[in-house]
Amino acid sequence: MNRSYIENVNPPFFAIYIVVYMDKFVIQGGNELRGEVTISGAKNALLALMPATILAPGSYTLDNTPDLRDVTTMSQLLQIMGMDVKLSGKKLSIDSSGIFNFEAPYEQVKKMRASIYVLGPLLSRYGEARVSLPGGCAWGPRPVNFHIDGMKKLGAEITIENGYINARAKKLRGTRISFDTPSVGATGNLLMAAVLAEGTTMIENAAMEPEINQLAHFLKKMGAKIHGVGTKRLEVEGVTELKPTNIATIPDRIEAGTFLVAGAITGGKITIKNCIPDHLSAVLSKLEQAGCEIRVERSSISLTAPSILEPVDVATDVYPGFPTDMQAQWIALMCKAKGTSVITDSIFVDRFKHVPELNRLGANIEIEENVAVVRGNGKLKGAKVMSTDLRASASLILGGLIAEGETEVLRVYHIDRGYESIEKKLQKLDARIERVQTEEY
Ligand code: UD1
């Protein structure tokens with residue numbers, strides 16, 4: 001994977017310019033995508049599985065691990081805490097025996113909000129944790145009050161000082177926690193805190209996302225007692241000890257959905273392999289409404305795009321609803337449809353940074369509060385556009401794949417957070433896309 005790096009240059013007149021080398025994608029639009037693509041392991045599952053290894057000292061192997069920037073960031077955080085983490089091919093080996101540091105510093109957390117996942121396991125196993133407070137993200141505020149309030153209910157003493165969450169607990173005690181809205185991160189964090197707590201914890205209105213279910217299965221393999229996995233009500237009977245185990249990460253349903261949309265938007269015919277079709281039900285049903293022909297097998301999905309895409313409204317929802325992580329890609333797809341569609345994000349109401357960039361490609365999208373109205377005209381034109389976050393970058397690549405002429409997608413380090421070798425996978429499907437290093441001042 002290419003990495004950005006910084007170099008100091010000393011030009012005349014004693015001025016100092018900082019030249020930043022970053023990767024961009026250069027895309028020649030217009031090719032129909034054809035062929036097969038293999039889906040990598042799920043980023044959001046791994047980001048919960050990796051910190052879960054804090055809960056019991058010893059050696060773990062997490063198979064089907066993708067080479068992603070977020071996985072590197074989480075590995076670095078665990079290493080700072082004293083753990084041994086190595087990626088060899090698809091196998092991530094973790095040895096959690098040497099933990100001596102219970103802090104997640106600002107420098108790591110600012111790179112990736114999911115770093116907050118170390119809070120629950122550290123507190124539960126070591127009785128203390130110091131975790132930098134994640135700030136807002138590219139598309140707006142993202143509070144962590146459910147995580148903090150839940151830990152307090154489990155008996156932790158928490159203070160917020162100098163931008164850090166300082167948490168202490170002699171022993172966490174089982175309690176009843178009910179979320180106002182289901183939160184993926186808070187469910188995962190509190191689950192990891194509750195497994196070693198004394199007594200029984202009820203988590204109500206829990207997230208039911210497949211990544212949370214996999215975390216629960218992993219914890220159960222480690223010896224945790226969790227009932228109701230896959231439902232809104234998790235019951236955790238605390239145990240005194242857990243043991244290391246191994247697991248293979250589930251396939252990434254958002255990467256899978258993104259490739260299906262790539263097939264649909266380019267008028268192509270593609271098969272995605274190594275996926276779990278059940279995890280994609282909401283996306284598949286919307287693609288069918290848009291006119292795509294879908295064939296589902298045990299671990300693969302084939303899509304044949306129609307000659308004209310129908311406009312289809314979408315409102316994001318918690319699982320099994322349409323994922324907010326597919327909202328940006330759906331907006332890109334609807335630019336190609338003939339007619340008007342309305343896309344509402346009910347999970348993250350400000351998540352529309354990709355819209356002005358898609359409009360630079362000639363799209364006609366208006367935003368009012370958390371609703372985007374897309375007037376599809378089937379045509380986009382190449383331009384330079386800027387990635388602002390992970391899924392926004394994906395939508396700009398999708399736009400570039402159908403834009404007439406050349407599109408440059410700048411700052412693709414965002415996409416490297418969550419898509420493994422996306423340009424190579426797209427090239428195998430006949431897309432004309434290149435990664436090029438560029439200078440920014
Ligand atoms: C996770 C995913 C992210 C996905 C999101 C929603 C990971 C690493 N990230 O993020 O890709 O887009 O789920 O599916 O798995 N909320 C609060 N207080 C809190 C926590 C959440 O008000 O303490 C709100 C959020 O603002 C949001 C909603 O709850 O409106 C759901 O967010 P949440 O499920 O927690 O998202 P993340 O876990 O951060």
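How many of the 10 residues of helix H10 are buried? I started my notebook with that.

**Ground rules.** I am looking at a predicted model, where local features need pLDDT of at least 70, side-chain atom pairs count only at pLDDT 80 or more, and totals for chains, interfaces and linings use all residues. Residues are numbered from 1 along each chain as its sequence is written, and side-chain values use heavy atoms, with hydrogens and water left out.

**Helix H10.** I looked up residues 327-336 and got my answer: nine of the 10 are buried, so I noted the helix as mostly covered. Buried means under 20% relative accessible area, exposed is over 50%, and partly exposed is in between (1.4 Å probe, protein chains only). Among the buried ones I found Trp330, Ile331, Leu333 and Met334. Gln327 and Gln329 are on that buried list too.

**The whole chain.** I counted 14 helices and 27 strands. Both are DSSP runs, numbered from the N terminus: helices are H or I with at least four residues, strands are E with at least two. The radius of gyration is 22 Å, close to the 22 Å from the globule rule for 441 residues, so the chain is as compact as a globular protein of that length. That radius is taken over C-alpha atoms, and the rule is 2.2 Å times the number of residues to the power 0.38. Along its principal axes, the C-alpha trace spans about 60 × 60 × 40 Å. Buried residues make up 57% of the 441.

**Contacts.** I took contact as heavy atoms within 4.5 Å. Of the contacts between residues at least 6 apart in sequence, 72% join residues at least 24 apart.

**Cores.** A nonpolar core is a set of buried Ala, Val, Leu, Ile, Met, Phe, Trp, Tyr and Cys residues joined through side-chain atoms within 4.5 Å. The largest has 72 residues, and Leu78 and Leu219 touch the most other members. Leaving aside neighbours within four places in sequence, Leu78 is in contact with residues including Met50, Ile54, Val85 and Val118. Apart from that core lies another, of 68 residues, with Val37, Cys275, Ala282 and Val314 among them.

**Leu426.** Where does Leu426 sit? I found it in helix H14, residues 422-428. Leu426 is buried, with a relative accessible area of 3%. Beyond neighbours within four places in sequence, its contacts include Leu33, Phe259, Leu401 and Ile433. I also checked Glu406, which is 20 residues from Leu426 along the chain: their C-alpha atoms are separated by 16 Å.
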